Amino acid sequence: MPPRVNPLKLNPLQLKTLTLLQELGRLIGTPAPDEGEGALLVNQFPHAHGNHFHMGDAVVSTADANGLSNPAVWVALERKGLIKSRFPHAAVITLEGMGYDTGLSDKILHRSDH
């Protein structure tokens, strides 16, 4: 039987937010050893200019990033064990959070094809 898609039943805003936190963890996350093996601390968030912002080599629409400033989204992700919230200053992304397949990376992280 194939693995279930979205087994934690995250809503679309939670999925988008987790996708962005995962990418930030890969780009600028630092180990958070006090939080468990594989946990990454993200304490810097991109600033939008116009209707988008940059994350590494990707461009993200600000419409896809509403959850980064929504405390309820962070609470839900924490309740499901995917992050440890230090809202609004930082998030610790757990090993489970980094490994959760949101299926949205290619949809909201727009990369150049050249």
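Helix axes here are lines fitted to C-alpha atoms over the stretch in contact, and the angles between N-to-C directions run from 0 to 180 degrees. With that convention in place, I turn to the structure, which is a predicted model.

I begin with the two helices. Helix α1, residues 12–28, packs against helix α2, residues 71–79, at an angle of about 80°, and their axes lie 10 Å apart. Angles of 65 to 115 degrees count as roughly perpendicular, so α1 is roughly perpendicular to α2. On the α1 side, the contact is made by Leu13, Gln14, Thr17, Leu18 and Leu21; on the α2 side, by Val73, Trp74, Ala76 and Leu77. Sorted by class, the contact of α1 with α2 comprises seven nonpolar residues, two polar residues and no charged ones.

Next, the sheets. Four strands form an open, antiparallel sheet in the order β1-β2-β6-β5. The edges are held by β1 (30–31) and β5 (83–86); each has a single partner strand, so one side of each is left without a neighbour in the sheet. Within this sheet, β2 and β6 pair in the antiparallel sense over three bridges, and Val42 has Ala91 in β6 as its bridge partner. Helix α1 lies across β1, β2, β5 and β6, running at about 100° to β2. Helix α2 also packs on this sheet, where it touches β5 and β6, and its direction makes about 145° with that of β5.

A further open sheet is formed by three strands in the order β3-β4-β7, again with antiparallel pairing. Its edge strands, β3 and β7 (110–111), each pair on one side only. Strands β3 and β4 run antiparallel and are joined by four bridges; Met55 stands opposite Ala58 in β4. Helix α1 packs on this sheet as well, touching β3, β4 and β7, and its direction makes about 40° with that of β3.

Which residues touch the most other members of the largest nonpolar core? Of its 26 residues, they are Leu10, Leu20, Leu21, Met55, Leu77 and Leu109. At least two residues of this core come from each of α1, β2 (40–42), β3 (52–55), β4 (58–61), α2 and β6 (90–93). The most is given by α1, with five residues. Apart from this core lies another, of five residues, including Ala32, Ala39, Leu41 and Val92.

Leaving aside residues up to four places away in sequence, Leu20 touches Met55, Val60, Asp64, Ala65, Leu68, Ile108 and Leu109.

Technical notes
Residues are numbered from 1 along each chain as its sequence is written. This is a predicted model: local features need pLDDT of at least 70, side-chain atom pairs count only at pLDDT 80 or more; totals for chains, interfaces and linings use all residues. Side-chain values use heavy atoms; hydrogens and water are left out. Angles under 35 degrees count as roughly parallel, over 145 as roughly antiparallel, 65 to 115 as roughly perpendicular and the rest as oblique. Contact means heavy atoms within 4.5 Å. Ala, Val, Leu, Ile, Met, Phe, Trp, Tyr, Cys and Pro count as nonpolar, Asp, Glu, Lys and Arg as charged, and the others, Gly among them, as polar. A nonpolar core is a set of buried Ala, Val, Leu, Ile, Met, Phe, Trp, Tyr and Cys residues joined through side-chain atoms within 4.5 Å. Buried means under 20% relative accessible area, exposed over 50%, partly exposed in between (1.4 Å probe, protein chains only). Two strands pair if DSSP finds at least two bridges between them.
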